[in-house]
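Have the sequence and the model open as you read.

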Amino acid sequence: MSSLSIGNWTVSVKKSDETEYVRKPDEAKHYDIIVSNSDDSCVLDSERTIGGGKILGYYLTTEKLNAEPVINKNVKSEKIQGMLVIDGFKVEVTNDEEKRLRLFVSSTSEGGPEHICSTNGTGNYKEFDVTIGF
């Protein structure tokens with residue numbers, strides 16, 4: 001598993017259990033991207049459309065960030081960026097000025113990633129999970 005910490009966010013990438021998604025071993029590669037935040041609240045996909053073309057994009061927030069009073073939303077933090085490159089794909093992350101995480105997934109070769117499924121954090125499981133295929 002490869003991980004990257006950026007701001008209050010941790011992004012981890014691991015190879016999926018391929019028997020769950022793939023009929024033939026050579027057909028595709030699948031990876032799980034797990035995102036957590038140190039504020040210990042559920043990580044949620046904001047459903048904003050980012051990315052496009054051969055790039056998958058996710059704009060993530062947390063329950064605590066969403067609940068911040070409007071007064072605090074005017075206080076901007078420093079923008080921080082990072083990147084992981086794993087088995088032919090790239091995960092780029094940006095902790096933006098509002099402390100939300102922009103996550104982009106792209107291929108380092110021809111073709112693009114495919115969104116397989118994603119799950120928002122709920123209850124005791126606070127992480128956001130997304131499975132991607134190539």
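## Lys99 and its loop

Lys99 counts as partly exposed, at 37% relative accessibility; on this scale buried means under 20% relative accessible area, exposed means over 50%, and partly exposed is in between (1.4 Å probe, protein chains only). Lys99 sits in the loop between strand 8 and strand 9 (101–107). Its phi is positive, near 70°, in a residue other than glycine.

A bit of housekeeping: this is a predicted model, in which local features need pLDDT of at least 70 and side-chain atom pairs count only at pLDDT 80 or more, while totals for chains, interfaces and linings use all residues. Residues are numbered from 1 along each chain as its sequence is written, and side-chain values use heavy atoms, with hydrogens and water left out.

## Another positive phi

Asp87 is also worth a look: it has a positive phi of about 40° although it is not a glycine. You'll find Asp87 in the loop between strand 7 (80–86) and strand 8.

## Thr94 and its contacts

Next up is Thr94, which lies in strand 8. Thr94 is buried, with a relative accessible area of 9%. What does Thr94 touch, leaving aside its neighbours within four places in sequence? The list is Lys79, Ile80, Gln81, Arg100, Leu101 and Arg102, where contact means heavy atoms within 4.5 Å.

Two of these partners have a distance to go with them. The side chain of Thr94 makes a polar contact with the side chain of Gln81, at 3.4 Å. Such a contact is a pair of N or O atoms within 3.5 Å; within protein, one must be able to donate a hydrogen and the other to accept it, and residues adjacent in sequence count only if both atoms are side-chain atoms. As for Lys79, it is 15 residues from Thr94 along the chain, and their C-alpha atoms are separated by 6.9 Å.

## Aromatic pairs

How many aromatic pairs does the structure hold? There are three. Rings of Phe, Tyr and Trp (its six-membered ring) pair if their centres lie within 6.5 Å; planes under 30 degrees apart count as stacked, over 60 as edge-to-face and the rest as tilted. Tyr31 and Phe89 have ring centres 4.7 Å apart and planes at 50°, so the pair is tilted. Tyr31 belongs to strand 3 (residues 30–37) and Phe89 to strand 8 (residues 89–95), so this pair ties together parts that are 58 residues apart in sequence. Tyr31 is buried at 2% relative accessible area, and Phe89 is buried too, at 0%. Tyr31, Phe89 and Phe134 form one aromatic cluster.

Tyr58 and Phe128 make a tilted pair as well, 6.0 Å centre to centre with 55° between the planes. Tyr58 is in strand 6 (residues 55–62) and Phe128 in strand 11 (residues 128–133), so the pair ties together parts that are 70 residues apart in sequence. Tyr58 is buried at 5% relative accessibility, and so is Phe128, at 1%.

## The chain as a whole

Zooming out, the chain has two helices and 11 strands. These are DSSP runs numbered from the N terminus, with helices being H or I of at least four residues and strands being E of at least two. From the N terminus on, the order is β-β-β-β-β-β-α-α-β-β-β-β-β.

Buried residues make up 40% of the 134 residues in the chain. Among contacts between residues at least 6 apart in sequence, 51% join residues at least 24 apart.
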